[in-house]
Amino acid sequence: MPDDLAVCPCGDVPEKLCVEATGAGDRWSIVNGYCCGVWGVAFRTDYEPHGSEEIMRRAREAWNAAPRGNK
(Lines give C-alpha, C1' and ligand atoms only; values in the text may rest on other atoms or scores of the structure.)
Protein backbone atom coordinates (compact mmCIF):
# COMPACT_ATOMS: atom_id res chain seq x y z
CA MET A 1 0.00 0.00 0.00
CA PRO A 2 2.75 2.62 0.62
CA ASP A 3 3.33 2.99 -3.14
CA ASP A 4 -0.12 4.52 -3.59
CA LEU A 5 -0.12 6.82 -0.54
CA ALA A 6 0.74 10.51 -0.63
CA VAL A 7 3.45 11.88 1.63
CA CYS A 8 2.38 13.00 5.11
CA PRO A 9 3.08 16.64 6.03
CA CYS A 10 5.80 15.25 8.35
CA GLY A 11 7.70 14.21 5.20
CA ASP A 12 7.27 10.44 5.45
CA VAL A 13 5.06 8.12 3.44
CA PRO A 14 3.10 6.09 5.98
CA GLU A 15 3.47 2.31 5.89
CA LYS A 16 -0.28 1.97 6.33
CA LEU A 17 -3.35 3.96 7.32
CA CYS A 18 -5.42 3.79 10.48
CA VAL A 19 -9.15 4.53 10.34
CA GLU A 20 -10.80 5.74 13.55
CA ALA A 21 -14.42 6.46 14.36
CA THR A 22 -15.17 10.09 15.21
CA GLY A 23 -17.62 9.30 17.97
CA ALA A 24 -20.26 11.31 16.12
CA GLY A 25 -21.99 8.40 14.44
CA ASP A 26 -20.93 6.13 11.61
CA ARG A 27 -21.14 8.67 8.78
CA TRP A 28 -17.64 10.15 9.31
CA SER A 29 -14.26 8.71 10.27
CA ILE A 30 -10.70 9.99 10.58
CA VAL A 31 -7.75 8.51 8.71
CA ASN A 32 -4.20 8.82 10.11
CA GLY A 33 -0.93 7.55 8.73
CA TYR A 34 1.37 5.26 10.69
CA CYS A 35 4.27 7.73 10.67
CA CYS A 36 4.06 10.84 12.88
CA GLY A 37 0.61 10.12 14.33
CA VAL A 38 -0.24 13.82 14.35
CA TRP A 39 -2.03 14.53 11.09
CA GLY A 40 -5.51 13.18 10.36
CA VAL A 41 -8.16 13.70 7.71
CA ALA A 42 -11.93 13.41 8.20
CA PHE A 43 -13.84 11.60 5.46
CA ARG A 44 -17.37 10.36 4.73
CA THR A 45 -17.89 6.66 5.28
CA ASP A 46 -21.50 6.56 4.08
CA TYR A 47 -21.98 3.95 6.78
CA GLU A 48 -19.55 1.43 5.26
CA PRO A 49 -18.28 -0.94 7.98
CA HIS A 50 -14.86 -0.29 9.49
CA GLY A 51 -12.31 -2.82 8.31
CA SER A 52 -13.95 -3.28 4.92
CA GLU A 53 -12.14 -2.81 1.61
CA GLU A 54 -14.52 0.05 0.75
CA ILE A 55 -13.69 1.99 3.91
CA MET A 56 -9.96 1.62 3.20
CA ARG A 57 -10.50 2.79 -0.39
CA ARG A 58 -12.31 5.87 0.90
CA ALA A 59 -9.61 6.46 3.52
CA ARG A 60 -6.83 6.28 0.87
CA GLU A 61 -8.74 8.69 -1.37
CA ALA A 62 -9.24 11.16 1.50
CA TRP A 63 -5.59 10.88 2.57
CA ASN A 64 -4.25 11.42 -0.92
CA ALA A 65 -6.69 14.26 -1.77
CA ALA A 66 -6.10 16.34 1.37
CA PRO A 67 -4.15 19.59 0.79
CA ARG A 68 -0.58 19.70 2.01
CA GLY A 69 1.57 22.78 2.53
CA ASN A 70 1.32 25.40 -0.17
CA LYS A 71 -0.28 23.17 -2.81
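Me: A residue is exposed when its relative accessible area is over 50%, buried when it is under 20%, and partly exposed in between. In this predicted model, why is Glu53 called exposed?

Reply: The relative accessible area of Glu53 is 73%, and the cut-off for exposed is over 50%. Glu53 therefore counts as exposed. This residue belongs to helix H1. Its C-alpha atom is 20 Å from that of Ala66, a residue 13 places away in sequence.

Me: What makes Ser52 buried or exposed?

Reply: Ser52 has a relative accessibility of 17%, and buried requires a value under 20%. Ser52 therefore counts as buried, even though its place is in the loop between S3 and H1. Between the C-alpha atoms of Ser52 and Arg27 there are 14 Å, with 25 residues separating the two along the chain.

Me: How do you know the class of Arg58, buried or exposed?

Reply: The value for Arg58 is 18%, to be set against the limit of under 20% for buried. Once neighbours within four places in sequence are set aside, the contacts of Arg58 are with Phe43, Arg44, Thr45, Asp46 and Glu48.

Me: Why is Phe43 called buried?

Reply: Its relative accessibility is 5%, whereas the cut-off for buried is under 20%; Phe43 therefore counts as buried. Phe43 lies in strand S3. Beyond four places in sequence, its contacts include Val19, Trp28, Val31, Ile55, Arg58 and Ala62. The C-alpha atoms of Phe43 and Val31 are separated by 7.6 Å, at a distance of 12 residues along the chain.

Me: What makes Phe43 part of a nonpolar core?

Reply: Such a core joins buried residues of listed types, Phe among them, through side-chain atoms within 4.5 Å. Phe43 counts as buried at 5%, and is named with Leu17, Val19, Val31 and Trp63 among the residues with the most contacts inside the largest core, which has 13 residues. Strand S1 (17–21), strand S3 (40–44) and helix H1 (53–65) each contribute at least two residues to this core. H1 gives the most, namely five. In soluble globular proteins, nonpolar side chains tend to be buried together.

Me: Why is Arg44 placed in its accessibility class?

Reply: Arg44 has a relative accessible area of 35%. Partly exposed covers the range between the 20% limit of buried and the 50% limit of exposed, so Arg44 is partly exposed. Arg44 is found in strand S3. Leaving out neighbours within four places in sequence, Arg44 is in contact with Arg27, Trp28 and Arg58. The C-alpha atoms of Arg44 and Glu54 are 11 Å apart, for a separation of 10 residues along the chain.

Me: What makes the accessibility class of Asp46 what it is, and which class does Tyr47 take?

Reply: Asp46 has a value of 36% and therefore counts as partly exposed, given that this class lies between the 20% and 50% cut-offs. Tyr47 has a value of 55%; the threshold for exposed is over 50%, so Tyr47 counts as exposed. Asp46 lies in the loop between S3 and H1, and Tyr47 has its place in the loop between S3 and H1. Asp46 is not a glycine, yet its phi is positive, at about 50 degrees. Tyr47, also not a glycine, has a positive phi of about 70 degrees.

Me: What proportion of the residues is called buried?

Reply: Buried requires under 20% relative accessible area, and 30% of the 71 residues count as buried. The accessible surface comes to about 4,600 Å², with 49% of this belonging to carbon and sulfur atoms.

Terms used
Residues numbered from 1 in each chain as written. Predicted model: local features only at pLDDT ≥ 70, side-chain atom pairs only at ≥ 80, totals over all residues. Heavy atoms only, no water. Buried < 20%, exposed > 50% of the residue type's maximum accessible area, 1.4 Å probe, protein only. Helix = DSSP H or I, 4+ residues; strand = E, 2+ residues; numbered from the N terminus. Areas by Shrake-Rupley, 256 points an atom, 1.4 Å probe, with all protein chains shown as cover. Contact = heavy atoms within 4.5 Å.
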